[in-house]
Amino acid sequence: QAENTGLGSLATLKADIDSGAVETLVTLTPGNPIYDAPADLGFAESFAKLKSSFHLGTRTDATAHASTWHIPAAHYLEFWSDARTSRGVYTVVQPMILPLYPDCVSELELLSALLSEDGKLLTGEGEKGAPSPAYTAIRATFSALGGEGDAAWKKLLRDGYLAGSTYQPATPAARGDMSAPLVANAPTKDALEVIFATDASVYDGRWIDNGWLQEAPDPISKITWDNAALIAPKTAKELGIYDDIITPEPVSSMIGIDGVAMNKFAKVGPDGEGENRKQRMIKVEVNGQSLELPVIISFGQAENTVVIPLGYGQGFNEHDELKRDTKNVSHVGQVGVNTGFNAYPLRTAATQYFATGAKVSKTDKRYSVALTQEHSAMYGRALAREISTMPDVKKGDFAAQLADVVLQGNDSHAPKNISLYKPVGSSTFHPGKDGKAQPLLSDPLHQWGMSIDLSSCTGCNSCLIACQAENNIPIVGKEQVARGREMHWIRMDRYFASQEKYYDEHGHEHETPEWVRDNPALVPQPVACVQCESAPCETVCPVNATIHTEDGLNAMAYNRCIGTRYCANNCPYKARRFNYFDYNKRNPLISHNLYKGPFGEKQVGEAPHLQRNPNVTVRMRGVMEKCTYCVQRLKDAVIRQKGGQKQEALVAGKASTDMTVNERTLRIPVDSVKVACQDACSAGAITFGNLLDGDKSVMVRSKHIERNYDLLQYIGTRPRTSYLARVKNPNP
Ligand code: SF4
Ligand code: SF4
């Protein structure tokens with residue numbers, strides 16, 4: 001980047017405060033240096049020397065409490081703003097909504113006030129219909145960059161960025177010997193390397209009070225509501241943390257009366273499972289500091305390294321399991337309190353992202369952690385399928401592997417499903433022998449389907465959160481997650497896999513080298529209700545609360561459900577979620593509150609009703625729920641399509657009864673409706689649409705390629721959601 005941003009370092013700022021050059025400090029959101037500045041800097045002591053300090057933030061965090069004044073910040077989607085990407089591209093932030101709380105201030109408004117002559121703080125809309133001061137400021141900045149006039153401004157709003165505003169590339173001069181290793185010695189078990197990572201949920205700690213993110217499982221460890229030290233299986237054994245090397249696929253065998261091993265089954269790990277899981281704790285000593293925290297085995301991680309996600313441990317109250325100091329309890333809200341362990345004190349200014357020479361020892365302590373996935377392997381069921389561009393003597397070349405995608409796992413030998421019903425088809429998607437569908441069960445306009453590409457999915461959780469927001473899915477708290485009662489309609493699975501054997505060009509079998517087996521591949525797989533055409537959940541519901549719609553959805557009539565949970569037991573995909581408690585009305589974050597029933601404390605705060613999607617029912621205790629392909633969006637699109645024709649008639653000066661209504665005019669345009677998860681997926685892994693649109697629909701085209709397979713195809717549920725196998729390119 002050629003532009004000089006004028007950014008200094010925290011160390012320079014500290015020196016300026018110490019020397020008295022800086023007397024007043026304004027910290028803008030989401031800055032929280034009292035919590036996250038490197039420990040050796042002593043920033044908090046210098047901060048206390050300031051004559052006055054202002055903190056603009058959405059949370060009253062550690063820095064807010066250390067400041068003279070805290071200014072509540074507006075959300076970034078409540079005001080006009082602009083920004084530059086890391087490459088320098090100019091972009092503009094448009095408000096989605098007027099500020100919910102008029103007293104909140106945006107960064108731009110605060111900076112404008114500080115730079116203005118009278119120092120007056122102007123927030124929100126301008127007076128008497130005038131544009132807001134923030135809007136005026138953005139227009140002025142843009143005029144200098146992109147030109148005057150409305151045409152250029154409208155183009156910016158439409159495109160979202162200013163073309164040609166990238167920074168000029170700069171050629172940095174190399175400092176020192178770039179080929180020299182950053183660290184003199186490779187880490188050993190007596191001098192480990194600690195990697196400080198931003199957390200997948202709370203990032204650097206700024207989202208610690210966000211319940212959706214806290215309950216979203218870490219993509220790799222699957223931990224919720226906490227962080228933990230991640231460590232390689234062999235390193236854990238060498239350090240004496242575990243007696244054995246933990247593998248992704250631990251199995252036990254049942255020994256028969258003749259002493260011979262019978263069926264193999266998945267073995268419970270050494271730390272227990274579910275609500276009984278008590279993870280062992282380790283002590284990490286580095287840079288003259290120490291931290292005790294739970295440890296989780298991380299397959300494929302480099303040996304002699306410890307990864308610690310940052311951002312947790314900001315405040316504790318009397319309910320903390322480890323009875324930690326409660327002095328910082330006011331730095332977090334009721335979502336973030338008692339969550340995780342603060343690794344910031346282990347960092348130094350010189351190496352903020354890693355530390356070397358760490359000592360790790362096992363402690364006698366245990367700590368409860370809540371994981372959403374206890375197992376790490378597929379146990380031979382080929383749930384997430386993968387093929388390789390590398391030819392394999394047994395599996396053949398790429399083309400042969402592609403042809404065999406549908407025959408992986410049990411599908412290679414399970415007998416073909418033969419239906420007892422005639423005609424075979426129950427919908428337009430699976431027509432009967434005569435090519436016709438059963439008319440009473442089929443909607444001739446729309447038959448919905450979905451395709452998920454495992455080659456594109458990165459397991460980022462965006463779809464899970466988007467689904468939660470769209471469908472009013474509650475959080476349930478750590479205690480209930482540990483019992484397997486999380487309510488996410490999308491379960492974000494992940495599996496580790498490595499080949500134990502490989503074959504040379506002569507077809508001879510060899511053991512895979514240890515270093516390859518120690519580095520298993522990770523495959524994420526989002527699983528929601530796959531909308532089985534032959535749905536096992538429907539046949540067992542005694543009150544017809546879960547039924548099939550004519551457009552191919554497995555629908556839920558919530559107010560008919562009596563909560564027998566037969567459907568959840570009979571769902572082979574485990575896609576159903578049960579409201580064990582009134583999560584939407586009772587506060588799940590207060591210890592044991594859910595168990596108090598009507599005497600428990602209700603939800604607090606003013607915002608919960610604003611968070612809900614008004615088009616989706618809020619479910620109550622005793623009701624089953626699951627993905628319905630965002631039925632509210634589908635119905636909205638269908639109704640709009642009908643309404644649009646009426647409009648056309650009116651515009652043409654006709655009575656709406658004069659319009660010709662037929663299948664062509666009533667069918668919504670191809671791929672014009674998007675479900676929430678598809679909308680949010682930045683990788684484009686999810687495609688959705690109408691199966692009756694044929695190859696015009698991207699989703700249908702996805703289903704026609706060879707990588708397409710149905711999950712648990714051999715049980716014959718005929719799911720509407722199918723997957724595309726992941727393609728691996730080992731790049732030898
Ligand atoms: S995935 Fe489960 S809940 Fe969904 S239709 Fe199939 S059996 Fe029913
Ligand atoms: S949003 Fe897309 S990439 Fe992210 S987990 Fe979901 S499907 Fe995968």
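This short talk goes through the ligand shells, aromatic pairs, salt bridges and domains of one predicted model.

A few conventions come before the details. Because the model is predicted, local features are taken only at pLDDT of at least 70 and side-chain atom pairs only at pLDDT 80 or more, while totals for chains, interfaces and linings use all residues. Residues are numbered from 1 along each chain as its sequence is written, chains are lettered from A and ligands numbered from 1 in the order in which they are written, and side-chain values use heavy atoms, with hydrogens and water left out.

Let me start with the ligands, where a residue is taken as near if one of its heavy atoms lies within 4 Å of the molecule. Around ligand 1 we find Cys-529, Val-530, Cys-532, Ala-535, Pro-536, Cys-537, Asn-554, Cys-571, Pro-572, Tyr-573, Arg-576 and Lys-626. For the classes, Ala, Val, Leu, Ile, Met, Phe, Trp, Tyr, Cys and Pro count as nonpolar, Asp, Glu, Lys and Arg as charged, and the others, Gly among them, as polar. On that scheme the shell of ligand 1 holds nine nonpolar residues, one polar residue and two charged ones. Ligand 2 is surrounded by 13 residues, of which Cys-457, Cys-460, Cys-463, Met-492 and Cys-681 are the closest, and its shell divides into nine nonpolar and four polar residues with no charged residue.

Now to the aromatic rings. A pair of rings is described by the distance of the centres and the angle of the planes. Here, rings of Phe, Tyr and Trp (its six-membered ring) pair if their centres lie within 6.5 Å, and planes under 30 degrees apart count as stacked, over 60 as edge-to-face and the rest as tilted. Searching the whole structure on these terms gives 15 aromatic pairs. In one of them, Trp-80 and Tyr-135 have ring centres 5.0 Å apart and planes at 65°, so this pair is edge-to-face. Helices (H or I, at least four residues) and strands (E, at least two) are DSSP runs numbered from the N terminus. Trp-80 lies in the loop between strand E3 (69–72) and strand E4 (81–84), whereas Tyr-135 belongs to helix H6 (residues 133–146), so the pair ties together parts that are 55 residues apart in sequence. Both Trp-80 and Tyr-135 are buried, where buried means under 20% relative accessible area, exposed over 50% and partly exposed in between, with a 1.4 Å probe and protein chains only.

A further edge-to-face pair is formed by Phe-341 and Tyr-367, at 5.0 Å centre to centre and 75° between the planes. Phe-341 sits in the loop between strand E13 (305–309) and strand E14 (354–368), and Tyr-367 in strand E14, so parts 26 residues apart in sequence are tied together. Phe-341 is buried at 3% relative accessibility, and Tyr-367 is buried at 1%. Ring pairs also link Trp-80, Tyr-90, Tyr-135, Phe-142 and Trp-153 into a cluster.

The next topic is salt bridges, in which a side-chain nitrogen of Lys or Arg lies within 4 Å of a carboxyl oxygen of Asp or Glu. The structure holds 30 of these salt bridges. Asp-226 and Lys-478 form one of them, at 2.7 Å from N to O. Asp-226 is in the loop between strand E7 (223–224) and strand E8 (229–231) and Lys-478 in helix H12 (residues 478–482), so this contact ties together parts that are 252 residues apart in sequence.

Lys-234 pairs with Asp-518, the closest N and O atoms being 2.7 Å apart. Since Lys-234 lies in helix H9 (residues 233–238) and Asp-518 in the loop between helix H13 (514–517) and strand E21 (521–527), the pair ties together parts that are 284 residues apart in sequence. Lys-234 is buried at 18%, and Asp-518 is partly exposed at 30%. Elsewhere, salt bridges link Lys-14, Asp-18 and Lys-49 in a network.

Finally, the domains, whose bounds come from an automatic or database domain assignment. That assignment gives domain 1 (10–159), domain 2 (192–371) and domain 3 (634–666), and the C-alpha centres of domain 1 and domain 3 lie 48 Å apart.
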